[in-house]
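Opening my notebook on this one. I want to go through the fold one step at a time and jot down what turns up.

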Amino acid sequence: MDTLIYFILVPMVYIAFAVFFIGTAVRLIKIFKAPKHPTTLQIFPDSNSKWLWALHDTFLFPTVRRHNPVLWIFLMLFHIGLLLLIIGHLELFAEFKLFQLIPHEIFLGQGYVGLILAIALLYFLFRRFKSPVRDLSVPEDYYLLILLFLIVIFGSEMDWARRWYAYEEMAVSDYREYLMSLLQLKPYLPETVTDTGHSFMLVLHVFFANLFLMFFPFSQSIHSFLSLPMNKLRRG
Amino acid sequence: MDQKTRDDLLNLFQSKLNEAMRFYLETCTRCGVCTEACHVYASMGQVRYIAAYRAEIVRRLYKKYFKARGKFWPSVGEAKELTEMAVEELFDAAYSCTGCRRCMVYCPFGIDTQMIMSIAKLLLIGAKAEPEILSMLADTSVEKGKSMALFKEGFLEGIKRLEEEVVAKWKLKAGETPIPVDKEGADLLYVALAGAHSIIPAAAIFNAASEDWTLSFFEAVNFGAFVGDPSKTKLILDRIVNEAKRLKVKEVCICECGTAYRVMKQLAGKQPFNVVSITEVHARYLRENRIKLDRTKLNGVVTYHDPCQIARNAGVMDEPRYILGQLTDNFREMTPDPKYNWCCGGGGGLVALGEETLDFRMKSARIKADQVKDTGATILATACENCHTQLSNLNDHYKMNVQVKFLSSMVADALVR
């Protein structure tokens with residue numbers, strides 16, 4: 001068991017990040033090296049400052065807001081939540097003055113961000129059970145949502161335990177010790193991380209996150225990098 | 001399907017994989033926002049007509065043959081082998097899509113379904129499963145470009161016969177040619193369709209505006225684009241480009257044909273001449289007071305159908321409205337607006353296939369008929385041959401009780417000195 005936990009928390013993390021970074025880079029290079037389309041792919045009417053509009057289309061999903069407002073609310077909550085959680089994870093490595101402009105305990109949102117994300121993911125998943133989205137979906141779409149849900153639920157539980165139930169055995173300083181040691185390539189697992197009552201949450205959280213990172217470059221998640229250039233094509 | 005055929009088809013597929021196409025094939029999240037976008041789905045309610053579903057037919061082949069996943073874990077994306085059956089599915093997807101790109105307005109990423117369907121169309125050509133008539137028409141156009149001398153005399157005779165009708169619409173001074181052809185150094189080369197209705201009103205308006213113009217030997221329509229054959233599209237286009245260069249014209253004016261205009265405008269590349277649509281030219285004549293119109297000629301409410309390839313896909317939206325503003329006080333817009341306008345249901349080669357597609361065209365464009373009826377208009381104007389034919393068919397089928405008219409004819413009929 002200890003070996004398995006060690007594998008998930010150390011070598012597998014390295015493998016997952018390697019696959020994520022190299023895979024994403026290779027795939028993006030291949031896509032962007034392909035010849036450009038010879039004609040415009042613009043939709044009219046024309047707009048000024050096309051880059052600004054493309055950014056607007058990419059980050060505010062105006063077409064979804066217009067045609068499916070409920071989905072839009074969940075999409076916005078999900079993507080903003082994702083951003084906040086990425087910031088939260090960076091803060092698990094070290095303190096960043098920039099992020100403390102709004103003073104907060106680590107993980108912005110007092111635990112609610114994870115909760116909202118989990119609900120949004122369930123919404124995305126269940127809407128795929130119903131036609132016509134059901135008819136459009138392929139297994140990949142379900143796998144990604146289930147994987148993300150598992151990551152969020154185990155990750156959030158650790159946050160909730162600390163904040164809402166005053167569970168103090170695994171503190172921010174313990175995570176920092178573990179994560180910094182990974183970053184410095186001198187992996188070290190503090191006992192509090194591997195041998196306390198809630199360790200299994202961390203192990204499962206990291207395990208599913210590893211799977212997600214390894215699948216990311218080869219899945220539709222690549223839209224996070226392609227959405228902006230595509231929206232730019234539409235704006236001309 | 002034997003291995004050789006499959007390999008050939010996959011080579012054709014590969015030839016389409018430029019940067020934009022890879023964006024479109026990699027990105028779809030199957031969120032379903034495009035569900036309501038397609039007029040075929042809106043009219044018929046079948047899932048296979050949702051834009052994302054059509055695109056997925058092509059994308060499944062991409063996932064099988066152009067992604068590593070296709071070898072290791074094909075089921076995760078429902079990757080699919082290229083078989084006879086897959087070819088049938090490609091046909092169904094490609095020839096029920098009119099290429100109107102309304103779904104592109106809905107998609108959060110802006111995926112261009114028409115472009116993805118161009119892969120399907122090319123594979124169909126490779127599998128010799130495309131609508132034969134479209135390829136034959138494209139070949140005829142290409143042939144005409146190669147051996148102009150054979151066609152020239154017959155063409156000139158035909159044009160001579162139309163002159164009287166042009167003069168009936170707009171009298172010329174003695175000695176002036178009603179339909180100039182092959183005039184070197186003219187300002188404008190007009191590319192019409194094969195048919196008097198595309199030449200007579202246009203000629204009368206050019207003459208009324210004292211335009212220095214000349215008529216092209218070639219017809220504007222590009223069957224190569226309809227059937228999705230890039231090399232034929234280019235050959236058909238080049239006939240006109242070469243003629244324009246030979247005659248040293250400043251402008252090439254495309255008649256009321258959506259595909260011809262978009263192909264010429266966007267695919268011709270940088271040339272010593274400008275490409276304009278006839279609608280833009282008419283609006284310009286009016287703005288410059290080169291022609292005047294009698295606004296009492298039209299009775300009843302007028303509405304305008306924006307041809308997808310001219311409006312949403314090429315940006316000519318204000319000009320037809322300006323012209324209609326000079327023709328009537330009784331203009332009523334359709335809802336939704338031009339960017340979201342419903343396709344007539346006749347694009348992508350469907351009208352060119354005639355009776356063969358009539359039943360489908362009528363069923364798939366019910367929503368268009370409703371949109372027109374909702375305006376309460378009695379005159380339905382448009383500026384595209386395909387749209388005009390399809391809307392006329394819809395008018396009969398759904399008893400819309402409108403007169404379907406070409407915008408250019410309306411201008412020609414209202415000309416005053």
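My entries on chain B follow.

**Ground rules.** I'm working from a predicted model, where local features need pLDDT of at least 70, side-chain atom pairs count only at pLDDT 80 or more, and totals for chains, interfaces and linings use all residues. Residues are numbered from 1 along each chain as its sequence is written, while chains are lettered from A and ligands numbered from 1 in the order in which they are written.

**Overall.** I looked up the inventory: chain B has 20 helices and nine strands. Both are DSSP runs numbered from the N terminus, helices being H or I with at least four residues and strands E with at least two. A compact globule of 417 residues would have a radius of gyration near 22 Å, and chain B has 22 Å, so that agrees. (The radius is over C-alpha atoms, and the rule is 2.2 Å times the number of residues to the power 0.38.) The C-alpha trace of chain B spans about 75 × 50 × 35 Å along its principal axes. I get 56% of the 417 residues as buried, meaning 20 or more other C-beta atoms within 10 Å of a residue's own, with C-beta atoms placed from the backbone.

**Sheet.** Which order do the four strands of the open sheet take? I read β2-β1-β3-β4 in chain B, with parallel pairing; a pair needs at least two DSSP bridges. β2 (213-215) and β4 (274-277) of chain B are the edge strands with a single partner each, so each has one side without a neighbour in the sheet. Neighbouring strands are turned by 25 degrees against each other on average, direction ignored. Between β1 (188-191) and β3 (251-254) of chain B I find four bridges, and Val191(B) stands opposite Ile254(B).

**Helices on the sheet.** α13 (230-247) of chain B packs on the sheet, touching β1, β2 and β3, at about 155 degrees to β1(B). α14 (258-267) of chain B lies across β3 and β4, at about 155 degrees to β3(B). Angles run from 0 to 180 degrees between N-to-C directions of axes fitted to C-alpha atoms, for helices over the stretch in contact; contact means C-beta atoms, placed from the backbone, within 7 Å.

**Helix α8.** Is α8(B) enclosed or open? Twelve of its 14 residues are buried, so it is largely enclosed by the rest of the structure. Among them are Met115(B), Ile119(B) and Leu123(B). The buried residues of α8(B) pack against helices including α1 (3-15), α4 (51-65) and α6 (84-94) of chain B. Just after α8(B), Lys128(B) takes a positive phi of about 50 degrees.

Terms used. Two residues are in contact if their C-beta atoms, placed from the backbone, lie within 7 Å.
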